[in-house]
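Please find below a note for a colleague who has the coordinates to hand. The points are set out in numbered form.

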Amino acid sequence: MEYSGEILGIIYQNELNSYTIAEMYIDELEDVKTIVGYLPFVVEGDNLKIIGKFVEHREYGEQFKVESFEKVMPQTLDALERYLANGTIKGVGPATAKKIVKKFGDDTIDTIKYAPEKLAEIKGITRDKAIDISESFIESWEVWQIVGFLEKFSIGVENAKRIYDKLGNNAIEQIKDNPYVLIDLVRGVDFRQIDKMALELGTDETSKKRIQSGIKYALIQTTYNGHSCVILQNLEEYTHNLLDVSIDEIEENIINLKAKGEIIIEERDDGDEWVYLESFYNTEKAICNRLIKLDQYENSKYVKGIEDEIKKVEKNNIITLSDKQKEAIKAVNDNNVTIITGGPGTGKTTIIKSIIEIYQKKNNKIMLAAPTGRAAKRMTEMTGYEASTLHRLLEIGKINEDGLYKQYQDYQGTPIDGDIVIVDEMSMVDMFLMNYLLQSVYLGTKLILVGDSDQLSSVGPGNVLKDIIESERITTIHLDKIFRQAAKSKIIVNAHRVNEGEGFISKSEASEDSKDDFFFINEVNQEKI
């Protein structure tokens, strides 16, 4: 469906991606409707053509979901006055807008664009101010042309504002000169489409900017699969297939990128060479350095007589901790950074609750966090203490696409005001979120990382928990005993059996009081699945 009309008001607009909820008077319907979608540069008073469909929001009712839109000049003098008065034109408020439209009427737009000196005929507008008004009007309109231009590259309106913020008013000229600049600015772009456009514009197949952009695109592609780097030979082969240029030319440009500091090549003990984008390498390096610095700092939260404290916990809660659980609590006491890892039902939550009880008695402030809202909610329910998401704790909001390309030293989350920081579900934390976390932990704070290294790794790049464990530089307690209550769950039992390379538990192996919480359906037909 296609409609046109005027934006009467902005209800909400996200500053990062321009997702907008607005009220729009739709001419064809002669009614005001709520519209939602990515609408960069759209403000109250704008006139739009919109394409999309009506949807029913279960809480807010009928909304028009905008799939694409076009900004158009106001069609009536009243609409033009509101457009000029909406705050986007420098030096024009409601009173000035009214004077301009009243004096020039239907010729208002042409006057502003082509004869701005006439604006000085209005009392209160100097010649210099008239020129400023004209330039601001033209600039505001030209900004919008970027959106239409980017559609040629299948780049949606949600990314248009980011590109404009990066490149400025001459964004179109810069992109025409070097379309590959979009690879550095927007994740998820179709390289082949950009490459095709660049070749049509006259870019040579063996040009440095084409090959180097192809190399960086290949490195970016690896991050979609959770990797932070790639073996040099694999990178060369992928780039060769992508660009159809010789390996020699690719190697030469890899050397050039390395010389410019845009990529890092790391030779490891096995002789393999691994290639990183510079920001990924520096982020990994920052994580390593910060972890070691935190761990080696003075252990100021050390609790004397930890054995007695553990006994008090057992007595107060009428429980008996296993040797491994006691070992984990002692490890936390002896180190500033500790990892506690184990599958479901191995007693991680009991350890967390015991640590909280011991350190709260010593007047330490405890902070609990997890990477997702669901994990934080479960942590709260299981421990009885409030947990938050890492994003909320660090006050960083959602890491946007730009986050992957910031320099590691630019990461500055809010310092964590806590003596003991416990993070659960660590397998879900990617390298960039981990870096935010570590930079926000004060030296002398105890950091306890809890998770199951056998779970699926984070969606974002990096396998942080597993890599730290395998480095053997941070004290790690491995829990492998399934406690009796958890052993009644077939889900938990089968999760451990899969990790050990065994088959699912059979009916004859299950105990009489086992829960019927696991069902296996043997089906190989994808359509039926």
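The points below concern a predicted model and take up salt bridges, helix packing, a strand residue and a surface patch.

1. The structure holds 17 salt bridges. One of them joins the side chains of Glu81 and Lys98, at 4.0 Å from N to O. This pair links distant parts of the chain, with Glu81 in helix H1 (residues 77-84) and Lys98 in helix H2 (residues 94-104), 17 residues apart.

2. Lys330 and Glu307 form a salt bridge in which the closest N and O atoms are 2.6 Å apart. Lys330 belongs to helix H14 (residues 323-334) and Glu307 to helix H13 (residues 306-317), 23 residues apart. Lys330 is partly exposed, at 26% relative accessible area, and Glu307 is partly exposed at 40%.

3. Within helix H13, Lys312 and Glu309 lie three residues apart, about one turn of the helix, and their side chains meet in a salt bridge of 3.8 Å, N to O. Glu309 counts as buried because its relative accessibility is 6%, whereas Lys312, at 41%, counts as partly exposed.

4. Helix H9 (residues 208-224) packs against helix H10 (residues 232-243) at an angle of about 120°, their axes being 9 Å apart. The two helices H9 and H10 are therefore oblique to each other, and H9 passes H10 in a right-handed crossing.

5. Gly451, in strand E13 (residues 446-451), counts as buried at 2% relative accessibility. The C-alpha atoms of Gly451 and Glu425 are separated by 4.6 Å, although these residues are 26 apart along the chain.

6. Leu8, Tyr25 and Val32 form a nonpolar surface patch with about 220 Å² of accessible area together. Val32 is placed in strand E3 (residues 31-38) and counts as partly exposed at 36% relative accessibility.

Notes:
Residues are numbered from 1 along each chain as its sequence is written. This is a predicted model: local features need pLDDT of at least 70, side-chain atom pairs count only at pLDDT 80 or more; totals for chains, interfaces and linings use all residues. Side-chain values use heavy atoms; hydrogens and water are left out. Patches are made of residues with over 30% relative accessible area and no salt bridge: like charges are joined within 9 Å, nonpolar side chains (Val, Leu, Ile, Met, Phe, Trp, Tyr) within 5 Å. Accessible areas come from the Shrake-Rupley method with a 1.4 Å probe; for residues, only the protein chains shown count as cover. Helices (H or I, at least four residues) and strands (E, at least two) are DSSP runs, numbered from the N terminus. Buried means under 20% relative accessible area, exposed over 50%, partly exposed in between (1.4 Å probe, protein chains only). Axes are lines fitted to C-alpha atoms, for helices over the stretch in contact, and angles run from 0 to 180 degrees between N-to-C directions. Angles under 35 degrees count as roughly parallel, over 145 as roughly antiparallel, 65 to 115 as roughly perpendicular and the rest as oblique. A crossing is left-handed if the near helix is turned anticlockwise from the far one by less than a right angle, and right-handed if clockwise.
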